[in-house]
Amino acid sequence: MPTRLLYLDDSQLTEADATILKVHHDEGGTTVVLNETIFYPQGGGQPTDRGRLTTDQGVLDIRRVSFADGEVLHTGAAEGVLAESAVARLEVDAALRHQHALLHTGGHLVMTAVDRLVGYRPTKGYHFPNGPYVEFDRALPVEERESFAAKVQETMDAMVSEDTEVTSYFCEPEELRANGVYVPTEIPAGKPTRVVVTAGYRSPCGGTHVRRLGELFGLRVRGVKVKSGRTRVSYLVG
Ligand SMILES: [Zn+2]
């Protein structure tokens, strides 16, 4: 049975209850599958959540969360007994989640600014703390390279000060393509896709986000690099 992904509906949820469906022990630790989860599994350029799962009889210190065949695997070090069918209290490390959501939403804002300025499409997003960046499908002309970082910064600053809400909705990938929204090819056809909207810019995304763009007041462009026909904008969140 696929794990229900509660974080898709509410990125701010850091505590909830769920039922344990499967428990597996091996040399890598203990892995628990739940009927539903608030833990974000590493993917889409966003790092794994961490936290704790507690039942009447045991605790799992969750260090790594991953996604496999529709199931979310919560892996870590267990103490006591974690039994199938037991109800577990889930607690996401809220500070880490917030940092990841800031970094990730910062990537959306970079995409939004670049779309407004030159209309390039993102081909890769890396939203980890050690050097986040977004890569785009075209090479910036030589004469624009020097001034581009400042233009992106200025565009992002304006959106941050407008402080609009980050919203999302579900729809079909075909509908998005028909509306001219760039959809990566790896999204399986016929599956509902979640679209995240930042300052009017729509992007298919399954990650976690901050509520409002005003939270990104520390967002800075670190640099712009052009290589092999692509433009990379690196950034940091203060
Ligand atoms: Zn996202």
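The chain is divided into domain 1 (4-92) and domain 2 (97-236). These bounds come from an automatic or database domain assignment. The model is predicted: local features need pLDDT of at least 70, side-chain atom pairs count only at pLDDT 80 or more, and totals for chains, interfaces and linings use all residues. Residues are numbered from 1 along each chain as its sequence is written, and side-chain values use heavy atoms, with hydrogens and water left out.

Start with the two domains. Their C-alpha centres lie 29 Å apart. Where they meet, 17 residues of domain 1 are in contact with 16 residues of domain 2. Contact here means heavy atoms within 4.5 Å.

Now look at the second largest pocket. A pocket is an open set of points on a 1 Å grid over the protein atoms alone, where a 1.4 Å probe fits and protein lies on both sides within 12 Å along at least five of seven lines. The volume of this pocket is about 260 Å³, counted as the space filled by probe spheres set on the points, which are joined across faces, edges and corners. Its lining has 15 residues, and Asp9, Ser11, Gln12, Val166 and Ser168 lie nearest the centre. A lining residue has an atom within 4 Å of a point. Helix H1 (6-9), strand E11 (167-171) and strand E12 (193-198) each give two or more residues to this lining. E11 gives the most, with 3 residues. Helices (H or I, at least four residues) and strands (E, at least two) are DSSP runs, numbered from the N terminus. Both domains take part: the lining draws at least three residues from each of domain 1 and domain 2. By class, the lining has 5 nonpolar, 5 polar and 5 charged residues. Ala, Val, Leu, Ile, Met, Phe, Trp, Tyr, Cys and Pro count as nonpolar, Asp, Glu, Lys and Arg as charged, and the others, Gly among them, as polar.

Next come the cores. A nonpolar core is a set of buried Ala, Val, Leu, Ile, Met, Phe, Trp, Tyr and Cys residues joined through side-chain atoms within 4.5 Å. Buried means under 20% relative accessible area, exposed means over 50%, and partly exposed is in between (1.4 Å probe, protein chains only). The largest nonpolar core has 27 residues; Leu109, Val110, Val114, Phe136 and Met156 have the most contacts inside it. At least two of its residues come from each of helix H2 (94-117), strand E10 (133-136), helix H3 (145-162), strand E14 (219-227) and strand E15 (230-237). H2 gives the most, with 7 residues. Leaving out residues up to four places away in sequence, valine 114 touches Gly119, Tyr120, Phe136, Phe148, Val152 and Val233. A second, separate core has 23 residues, including Leu8, Val65, Ala88 and Val92.

Finally, turn to some exposed residues. Proline 2 lies in the segment before strand E1 (4-5). Proline 2 counts as exposed because its relative accessibility is 58%. Beyond its neighbours within four places in sequence, proline 2 is in contact with Asn35 and Gly70. Proline 2 and aspartate 69 are 67 residues apart in sequence, yet 7.7 Å apart in space, C-alpha to C-alpha.

Aspartate 69 lies in the loop between strand E6 (58-68) and strand E7 (71-80). Aspartate 69 is exposed, because its relative accessibility is 84%. Most residues other than glycine have a negative phi. Aspartate 69 has a positive phi of about 50° although it is not a glycine. Serine 228, in the loop between E14 and E15, also has a positive phi of about 50° without being a glycine.
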